[in-house]
Structure formats: C-alpha cells, structure tokens
Amino acid sequence: MIKFPSFIDSHCHFLGCGYAKTLLKLDDVHSILDLQSLLKQHLDEPFILGRGWNQESLTEKRFITKQDLDEVSTTIPIVLIRTCGHVISVNSAMIHRMELKNTNLDETSSLENGIFVEDDIHLVYDLLPKPDINQLKKYLLIANDLYLSNGITSVASDDFCIFDIPYENVIKAILESYEENLIQVQITEQVNLPNIEVFKDFIAKGYVNKNYGSFKMGPLKLLSDGSLGGRTAALRLPYNDDTNNSGIKTFTDEKLFELIHMADKEGMDVAIHAIGDAAMDQVINAIIKSLNITHRINHHHAIIHAQLANLDHIKVMKEFHIGAIVQPVFLNSDIPVINERIGERKAESYLFHTMYLNELCVGFSTDAPVENLNPFENIYVAMNRKSIKYPFLDQHLENEAFSLNEALECYLKNNIIYTYESKKPSSNYVMLDKNPYTIDDLSIKDIKILETWIDGICVYKK
Ligand SMILES: [Zn+2]
C-alpha cells in the first residue's frame, strides 16, 4: 500500500452525484432498441427518470426522441437526461403534463420530438418530484460514500440548481448532514444563482463567503452556454456538422455582466461555465469589465471548462489572473465528436497544458456526474490525451499532455485555491494499491483507492 495525498475536485455536482445514483443508469445503453427494452422493465413505476445517455454511444448516432419513448409507454411519464445534463428527452405523457401552449421554446428544442435543451430543460425539471430535506440528506449521504471511495475528501460543488427548490433548503440539508455526521467530504459551494432577485437575497442575508467549517460559500457559479456534444456550446462560427447552428448563450452580455459585477463588488469570486469560443469571449469581457471597476487583485475568478479557449483567450486570462477549472476526462466522451463539431478549429481546443505553461491557475475536476469521479482516470486522460471509452481512437493534440507531477499540481495545489482550503499540509490522505510514480503511464487509470482518511479517521476502506 502506498500513502498518497487525498484528492480535491474543483468542479462537480456533489448533491447531483448522489441523486444520479438513484436514477435509471443509461450510460451503458448502445442502441434505441436496448434503451426501449431497459425502460420496459420499469413499467411498474409511476414515473421513469433516467440519466447518462449519449447519442455518440448509440448505433443510431442521434438524440432520443418522443417517438422512441412513446413506443415504450404513452401513459407513464418518461424523462431521460443526456450525460451532460443540458439535453432532456421526454415522451408524450410527460409533454401532456407540461402545458406548453404559450411557451416560446429555444429553436434547438423540439416539442415535436420531445427534446428540451439548456434553459428549456427547466420546463421539465419544474415538474419532477421535489425532494424534501430528508431526501436531500439521503442523496448527500450516497454522494459522500461515492466520493470517499474515489479518494476525494474536498470539493467545489454546484448544488443549488439540481432541483427546483429554494437554495436555503440545500444549505439546511448540507449543514444538518455534517451535524449528524452523515457526511465528511468538505464542500465549497459554487453558488449557482442565475436569478438576480435570488442572488440579491443571498447577498442581503449575509451568505457571501460565509464559512461554516467543513462547508463554505465559494464563488458565484453561472452557466454561459451548453455543451459541445449537445451542440449547445456557443461558437463564433456555426457547427461544422450543423451549419445553421452556433449554439446557445444563456445570458445577454448585460445580464451576465450585472450578475458577475454584483458578485465581484461584494468580494465574491465567480466561476463561470464557458465551453464555446463565443461564450469565452462573452465571459472574459464581462469579468474584465467588472475588474476595471472593482480593481480587485487577489481574486480567484475562473472559467469552468474553457474547452475552446484559444491562444488569445489564454493570453488575456493570464493578464487578468482569470484561472481555468478544466476537465481532461471530458476527452473521454468528446474525442469522437471534436472533429465533426468544430473541424479545423480543433487545433485550438482543450489547450489545458498551454494554459498551465502560461501560468494560469489550472484546476482539474470531473464535473461528476457528467464524467466519472475517479481522479486516476482524469489524470490518465491528462497525461495520455486518449479516451478510455474509445481507446482505438487517436489522441487529441498529444502536445497538450501533462506529466504526472504537473497533473498532481493541478489536482492538489491549485484545487486548494478553488476550494479556499487552508494551505496547511492536510492530514487527509488515501492508501493506493500501486505507486503512480513507478507505474507506466497507460496503467495509471487502473490504480485503486484502498483507504481514505480524514483528520486521522479512516472514512473508507475497500
Ligand atoms: Zn458542471
């Protein structure tokens, strides 16, 4: 057994991971027919809720539609969330409940096909059963076990928008879970409050940067666009494989600036999801505009994902000390689609090592449940730039590969910054079955966590 520091994940959905565990798992579905036979085993349930499908893993290579799901049932509502969480397919029984007569849908959503994307997914989420505090605590407990078994003892996590419930219910559930010793993983909340009135309420109640010990309030988290896989990431030029579509910006420039500036002037950092190059432009401009007013220097503003950050973006990010919270493991699912989606533009995509060399504060994370939580799978992809799911496919920009030490710096040292942990050497550690420093690069993904220790107590044993 090898003693090793425990891991920090700088962007994930802790509560969402626990919740996702309770949903029907669609990750291993490889065709619409497979999916239909899986769903048919659940026709005794009043409501079928699944997560994890990805059209790239289906032989049909297309989104799941209402028609596919109506072949399973037209009376039991079926709601299937894509792996990215930005696209949802539903059947006609669900649409029937949604009363959409006067709703203007985004043009990428399709009522006819039962597909809802980005903001429109809330039309679906609003109708899902809402958990009470005890159910939230159950999900947190499930998540805690999952994280500890992956050697993760601290996270920056986006939990306020997993359900359509007041954010204070989530705070209450988390605090009670610590009090009752149900959870031990430390949580820095990435405060996802895109509604200006609700965010004002958060500020007025004194929650900004509030520290409860194991739980603290971190940066304002916003999503400025969607995902590359779902063709909802906001691009400067249209998608190569959908020439009428340049993706979706969630906010107008004005509204994004307003929210970012509200946080920035309170001394609160921001961590903004941006994937496409147009989203990168918009977010960087808004942060700079705010910094030009507040003149903050010791901020840790960051962009989450930054997949299509080009060399110019990286230069400006460096100048204004804007960090990058990135997910090398996204290449796991994205390698098969990068070329189709962006063609030539792929030469300046996923430039995570270039960011590192340009001295941006690069933090590694998984965005779980979007990708697997396992730090060694993430490190494997960072070091090898290869997909674990599609091992026969080529590397993506192999020059962008990290060394083990560099990858660990992003996972440990830099993520301390994004979780606002004290910089004292942590007494948290894991026991591994193999030594990452002596194993070959291709076997790194197979390293197993045998034990996880927090404050001298063994909290997980394999
Ligand atoms: Zn996320």
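Visitor: Which residues are the protein donors of the zinc ion?
Guide: Before I answer, note that this is a predicted model, where local features need pLDDT of at least 70 and side-chain atom pairs count only at pLDDT 80 or more, while totals for chains, interfaces and linings use all residues. Residues are numbered from 1 along each chain as its sequence is written, and side-chain values use heavy atoms, with hydrogens and water left out. The zinc ion has H11 (NE2), H13 (NE2) and D367 (OD) as its protein donors, at 2.1 to 2.2 Å. Donors here are N, O and S atoms within 2.8 Å of the metal (3.2 Å for Na, K and Ca), and sites may look incomplete because water is not among the atoms.

Visitor: How are those donors spaced along the chain?
Guide: Their spacing is H-x1-H-x353-D. H13 sits in the loop between β2 (7-12) and α1 (14-21), and D367 in the loop between β14 (362-364) and α14 (375-384), so this pair ties together parts that are 354 residues apart in sequence. The helices (H or I, at least four residues) and strands (E, at least two) are DSSP runs, numbered from the N terminus.

Visitor: Are H13 and D367 buried or exposed?
Guide: Both H13 and D367 are buried, where buried means under 20% relative accessible area, exposed means over 50%, and partly exposed lies in between, using a 1.4 Å probe and protein chains only.

Visitor: Changing topic, how is the protein divided into domains?
Guide: Domain 1 covers 2-14 + 131-454 and domain 2 covers 19-125, with bounds that come from an automatic or database domain assignment. Their C-alpha centres are 26 Å apart, and the contact (heavy atoms within 4.5 Å) takes 22 residues from domain 1 and 20 residues from domain 2.

Visitor: What area is buried between them?
Guide: About 1800 Å² is buried between domain 1 and domain 2, with carbon and sulfur atoms giving 60% of that; buried area is the accessible area (1.4 Å probe) that two parts lose on being put together, summed over both. Of the area that domain 1 buries against domain 2, Y139, I248 and V370 supply 23%, more than any other three residues.

Visitor: How many salt bridges cross that interface?
Guide: The rule finds one salt bridge across the interface of domain 1 and domain 2, a salt bridge being a side-chain nitrogen of Lys or Arg within 4 Å of a carboxyl oxygen of Asp or Glu. The side chains of R341 and E56 form a salt bridge at 3.2 Å, N to O. On the side of domain 1 that touches domain 2, α6 (133-149) and α12 (331-342) each supply at least two residues, and the largest share, four residues, comes from α12.

Visitor: Where is Q282, then?
Guide: Q282 belongs to helix α10 (residues 277-294), and its 5% relative accessibility makes it count as buried. Leaving aside neighbours within four places in sequence, Q282 is in contact with residues including S224, K249 and F251.

Visitor: And which loop holds S227?
Guide: S227 lies in the loop between β10 (215-223) and α9 (253-264), and at 8% relative accessibility S227 counts as buried. Not counting residues up to four places away in sequence, S227 touches several residues, among them R82, C84 and H86.

Visitor: What about S422, buried or partly exposed?
Guide: S422 counts as partly exposed, because its relative accessibility is 45%, and S422 is placed in the loop between α15 (404-418) and β15 (429-432).
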